[in-house]
Amino acid sequence: MKRLFGGGLLLTVLFICLGLLLFGGAQAISFDTFTAESMTNSADHRIFWLLKIPRLLLVLTVGGALAMVGGTYQILFNNSLADPYILGVSSSVTLGLVVAEIFLGWPSNSIKAMGIGLGFALIVILLLLFCFYFHKLQNMERVVLFGVGINFLFSSALFILISLQNHTLGSGSMRWLFGNIPWIELKESFALIAITAPIGIIIVIFGRYLDGLSLGDTVARTLGFNPNHVRGFYLVLTSLLLTSVTCLTGSIGFIGLVVPHCVRLVFAPRSSRVLLLISFVFGALFLAVSDTISRSILPPLEFPIGMVTTLLGGPLFLYLLWKR
Amino acid sequence: METIKPKFFFEGNELILGYPGVPPLSRQAFSFQIPHFAITALVGLNGSGKSTLIHGLIGERVVLQGQLKCFDKPINSFSSRELSELVAIVPQETVFPGNLKVRHVLSFSQLGRAGLFGKLPVFDAASIPYIVSAMELTPLLQKRLGEISSGERQRVFLARAILQHSKIIVLDEPTNHLDLKASRAFWNALTKARALNSMDILISTHDLNFVKEQCDWVLALSEGQLLFNGTKESFFEEKWDEKLVDSP
């Protein structure tokens, strides 16, 4: 009963927030726009369907995915500092995109450039898996350290490239360092959902494997899970999810690290499945709110989204830690 | 129909243990047998191979030569599911998820049996198994692992292992970090649990007082070698406890 009440309350709050996001913001749209039939071709109506809805879908998917991947990594590596970027998968995507933009002249939102980004990510994922399975690195800590090394290497390469090419890329190059939410079309946002939703669902369904790991590798073994297989499986799944969202937005910090921790602190979820689901919802909402704020501070300029997420989430996280 | 009960729950034939790619502690093979339904103490100094033997018992690939058997069957012939019904473990206290509630930890005892879609048991006020209340865990059920003392936490992990309803419980230096009072509470809980469920128990420990008071059988290791395998009485009569400390 208590759980039902809590869930209902949560959903209500979510819907109110989503409503505010859609109808509020810098370009407020009145709800009447959609009830009067004569208005279906108005500018507001078009802004709503061509701009607001696709962007909202994008932001919800990306935020949720980041929070989910972060939560998974924290269990997988038994490390509360793990965030989605720790293994260097996303920095390889961003590096690929920037390389495509600088050296090949392909715009970063083109399919070709994304292909290069995906290729870079694939190489890193294969390297990680190779280390994990064949190079006597069965010790997960060393795989994580390896990933951290890749991450530093690729981030530095990215930074150097951007510094050198700043005049050709212009001020927009900052978007790679702090993340950026692009304006996309409705069908693109559906494509993203079509790719990420199945991966997300598999991650949640197999959450019991993560439960098995959460009490340590020896316990996992006596519960019938081979920890190495679980890690390999999740390494691939999360990398795919991460790659597909990073392709569009670059690296948006903080969500993946902090949202799952806040969910643990507040809800103490009974299993990894519940943890990941709640993290998805709050990650999605958190990024949506941050996006609205980033566009409302100095319109029509967009404040870097990564800075908004950090400024918004940091104090909240510290408060929750303090209270516990 | 009556099946013949095996005499030994755990035995090793001509064993050399070690991790692949690393030289083994000793190249000399050893054999041992542990009788069924005894509380067995696994003793030895740090680095004597106790943990390696335990890893062998939970199905990790540490047998370089010879055979490790459990109830007359080679350990590596069990599927991971069968192993989960055979062995439960209380590991040395290491990293634990501090925000997981005690009742949820207990429900994880059935993860192996439940599979992906089976139901996990619920431990709330309406349905507390006797063993949980006997181990004095009822007041802790709603608490998070990070909120309770390390002694209480270790009892929770013991209860989780017992609720797995496996035939064997392995405890890897369970009272290492506990003070005297918490250790006693832990051993009391174990004794109570054993009175309620019959099971084989293998405990790796440095606490020789506990061995003297509670165990039936002793397996002593030194540098990857078997030092002693026999009853507790002969272990202490023949002064193996002193030889263990003096062993190289």
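How many residues does the contact take from chain B and from chain A? The contact takes 33 residues from chain B and 25 from chain A, where contact means heavy atoms within 4.5 Å. The model is predicted, so that local features need pLDDT of at least 70 and side-chain atom pairs count only at pLDDT 80 or more, whereas totals for chains, interfaces and linings use all residues. Residues are numbered from 1 along each chain as its sequence is written, chains are lettered from A and ligands numbered from 1 in the order in which they are written, and side-chain values use heavy atoms, with hydrogens and water left out.

**View 1. Interface of chain B and chain A.** About 2,400 Å² is buried between the two chains, 62% of it from carbon and sulfur atoms; buried area is the accessible area (1.4 Å probe) that two parts lose on being put together, summed over both. On the chain B side, Phe108(B), Leu111(B) and Leu116(B) lose the most area to chain A, together 25% of what that side buries.

**View 2. Salt bridges.** Eight salt bridges are found over all chains, each a side-chain nitrogen of Lys or Arg within 4 Å of a carboxyl oxygen of Asp or Glu. One salt bridge crosses the interface of chain B and chain A. Glu60(B) pairs in a salt bridge with Arg221(A), their closest N and O atoms being 3.5 Å apart. Asp217(A) and Arg231(A) form another salt bridge, with closest N and O atoms 3.0 Å apart. This pair links distant parts of the chain, 14 residues apart: Asp217(A) lies in helix H10 (residues 217-222) and Arg231(A) in helix H11 (residues 227-249) of chain A. Helices (H or I, at least four residues) are DSSP runs, numbered from the N terminus.

**View 3. Helices H4 and H5 of chain A.** The axes of H4(A) (residues 111-134) and H5(A) (residues 140-164) come within 10 Å and cross at roughly 155°; axes are lines fitted to C-alpha atoms over the stretch in contact, and angles run from 0 to 180 degrees between N-to-C directions. The two helices are therefore roughly antiparallel (over 145 degrees). Residues making the contact include Val124(A) and Leu128(A) of H4(A), and Phe146(A) and Ile150(A) of H5(A).

**View 4. Helices H6 and H7 of chain B.** H6(B) (residues 150-163) and H7(B) (residues 180-196) pack at about 15°, their axes 9 Å apart. H6(B) is thus roughly parallel to H7(B) (under 35 degrees). Among the contacting residues are Leu158(B) of H6(B) and Phe186(B) of H7(B).

Notes. Parallel < 35°, antiparallel > 145°, perpendicular 65-115°, else oblique.
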